[in-house]
Amino acid sequence: MSSFAAPTHLLPLTPSTASRRSKFSTTTTAVASRIPSPNSTIQCNLPSLASSQNPKPSKSPHSFLNSVISSKSIALSAASCILFHIASPVLSGNDSIFNFSGGGAGGNGGGGGGGGGGGGGGGSSGGAGGNFWRFFSPAAVAKDDDPQQEWDSHGLPASIVVQLNKLSGFKKYKVSDILFFDRRRGSTVGTEDSFFEMVSLRPGGVYTKAQLQKELETLATCGMFEKVDLETKTNPDGTINITIPFLESTWQSADKFRCINVGLMQQTKPIEMDPDMTEKERLEFYRSQEKDYRRRIDRSRPCLLPPSVQREILQMLRDQGKVSARLLQRIRDRVQQWYHENGYACAQVVNFGNLNTKEVVCEVVEGDITQLVIQFQDKLGNVCEGNTQFPVIKRELPKPLRQGQVFNIEAGKQALRNINSLSLFSNIEVNPRPDEKNEGGIIVEIKLKELEQKSAEVSSEWSIVPGRAGRPTLATIQPGGTVSFEHRNINGLNRSLLGSVTTSNFLNPQDDLAFKLEYVHPYVDGVYNPRNRTFRASCFNSRKLSPVFTGGPGIEEVPPIWVDRAGMKANFTENFTRQSKFTYGLVMEEITTRDESSHISANGQRVLPSGGVSADGPPTTLSGTGVDRMAFLQANITRDNTKFLNGAIVGDRNVFQVDQGLGIGSKFPFFNRHQLTVTRFLQLNDVEEGAGKPPPPVLVLHGHYGGCVGDLPSYDAFTLGGPYSVRGYNMGELGAARNILELAAELRIPIKNTHAYVFAEHGNDLGSSKDVKGNPTEVYRRMGQGSSYGVGMKLGLVRAEYAVDHNSGTGSVFFRFGERF
């Protein structure tokens, strides 16, 4: 990645300069040191910036003020290119795969300082706050630093100190070692010291005299040293060692700390100081500079840095005593650490002002969003006109990602999830970039590739049924499957029409043909209305095996009863959060009960001791004819606060559903059927969240209650037993009742990319089986209650379980798809 540098004019902070200023004003807004940022994990991609590679330092304090202000915008540019990307063919909102890549904030250099209140920062990896930053970035090593490059022996005696100006301008010197020598402490500093971040020279590098002089000039003009020099010492092998003696810049102690947001502030124009000014004129000039900086502080906005962190930094100032360049680096690192840990990756410390006063002012560019741009792209990535209306997309954006807010990585991820949940796009990008017209601003670009509006799909399956003598033949192979179609995003408002037809035998589909046609109309109250309601209308036909007419343990196989449902359904769904919703609507349906020969069956069947089949079992319908018609109201409210923690579900989920009969239909059915499900996923210990981190052990506690008052047809009775009721039993094996209670506990232990678990469950009909018409529980010799326990392991999508039936004391192995809770 290319390095970029912007023209910058820095005021050399030498003892003479500092003392000269102190003569004219005792409360001068002193020159702050411009602090390079350490290595950043956030990557940057910047547009090309025109630059002057070798700016000369100016002696004008106001020129320094302007330079640090202008370089502030470059620092933000280096901090504002984070790219989120998702590319998965989304045909539904389920199981989407997100791939986030990119980063922001700085490269290997950043921070800043300035007397009048400017700032500079950046990084060689993606922009620089001036030429100073380019050379002070560890990544910005000169091109001559090539281990394979030829170099010249110094040609001098070993172990002698040679001044920089005595080196030959025609030779290329290889550097063996680099040391910083603190003159105030009288000792060398270790390589872990922050000053080592400031040099581009590296051991093993090859440099010319001009490059070494340029390095010294950069160090001398950065404002972090009162005095700095560069000495070389010869080695017997022809290489040289470099020692950099320095006096660190210090300022008077401070007992106040303020953090301000200087993003989007207008750049001030430079005012050159006439070198022929009298002492009085210079005094007025510096006072004017101080007033300008005070006005700059007054125009700034409060930063997001919490008071707790500001108190921590204030304590650092009090413990340190005098303010030093190293202390400013530590303060910069702590401030930027908080911003980046909380997702504000575009935030950058650009300046420290008000030094040599009792208050240190930390200027931060936080990354204010100035514009939101939505673009549609074709398959080749070219900008095109989209079908989706902009309000549909904008309503999915979280508030922290809108104009006037500070850009946050988590808000970008949330926008990806929300937009992806629309199921309208195959590719989504959220790409923030610097605003060239507003200094410190961020433009958030959202790039979208739309899915095809119309689609059709055919899925097939083959089944082999036994023929004569129980042997399958070619004629008994039955082709089945599903034909589905979808017309999505009608009028660009995410309205859709979906249809599907399913059968297990295309050759004779009338046996079990099932269909569904559904129309979905979101934003019922308008796209701009914050109330998020969706209208759905569907007509359907389905067939399922009824678990009500199932034999208990020891009883011979009971002939099955199939329940066909055909009708219409219309409801409204109001989303409170992404996982919590309220649904209410009307259902009108015709229910037909059939035997295995598809004939209408008004009663359940049972096998006689003689081997014959008797149809004198419990009635299958409310009307007693095998066909019921009814209309009822249905409502469901779900409160789901679960989340994934390193792949494990934690949190809680509550579901309440009620069906209210209207007295319309066969025998004028009037009833109230209600269910309450409560599930808790309890995290048993704290774990660090992140990719590749182990999930915590989880204790699952589950309770389910179902009850019915009024008319209750047998096919709508609550059943006990099965993989989603009480494990270890077949569907409905424990009974069918008017009221039921289910309790379950499961302990999940993570092991190598999956988890094993132990469980115990109990189901009880609460004595209400006899209140079901015909009492199918007693007729088919079922217990009405039962418990089970066992162990299991999750293998991909499959649950492999060994469960013990507590009623009989026998155990069985089961393989199930999906989750129990």
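Helix H5 (residues 279–299) holds 21 residues and runs 31 Å from first to last C-alpha, close to the 30 Å expected at 1.5 Å a residue (the expected span is 1.5 Å times one less than the number of residues). The model is predicted: local features need pLDDT of at least 70, side-chain atom pairs count only at pLDDT 80 or more, and totals for chains, interfaces and linings use all residues. Residues are numbered from 1 along each chain as its sequence is written, and side-chain values use heavy atoms, without hydrogens and water.

**Whole chain**
- The protein chain has 10 helices and 40 strands (DSSP runs, numbered from the N terminus: helices are H or I, at least four residues; strands are E, at least two).
- Of its 821 residues, 51% are buried (under 20% relative accessible area; exposed is over 50%, partly exposed in between; 1.4 Å probe, protein chains only).

**Faces of H5**
- Leu283, Phe285, Tyr286, Gln289, Glu290, Tyr293, Arg296 and Ile297 are buried in H5.
- Down the axis of H5, these buried residues fall within an arc of 160°, so they line one face (the arc is that of the directions from helix axis to C-beta atoms).
- Lys280, Lys291, Asp298 and Arg299 are exposed on the other side of H5.

**Surface patch**
- Phe576, Ile637, Phe656, Leu676, Tyr705, Leu741, Leu743 and Leu766 form a nonpolar patch on the surface.
- Together they have about 690 Å² of accessible area (Shrake-Rupley method, 1.4 Å probe; for residues, only the protein chains shown count as cover).
- Tyr705 lies in strand S33 (residues 698–710) and is partly exposed, at 32% relative accessible area.

Technical notes
Patches are made of residues with over 30% relative accessible area and no salt bridge: like charges are joined within 9 Å, nonpolar side chains (Val, Leu, Ile, Met, Phe, Trp, Tyr) within 5 Å. A salt bridge is a side-chain nitrogen of Lys or Arg within 4 Å of a carboxyl oxygen of Asp or Glu.
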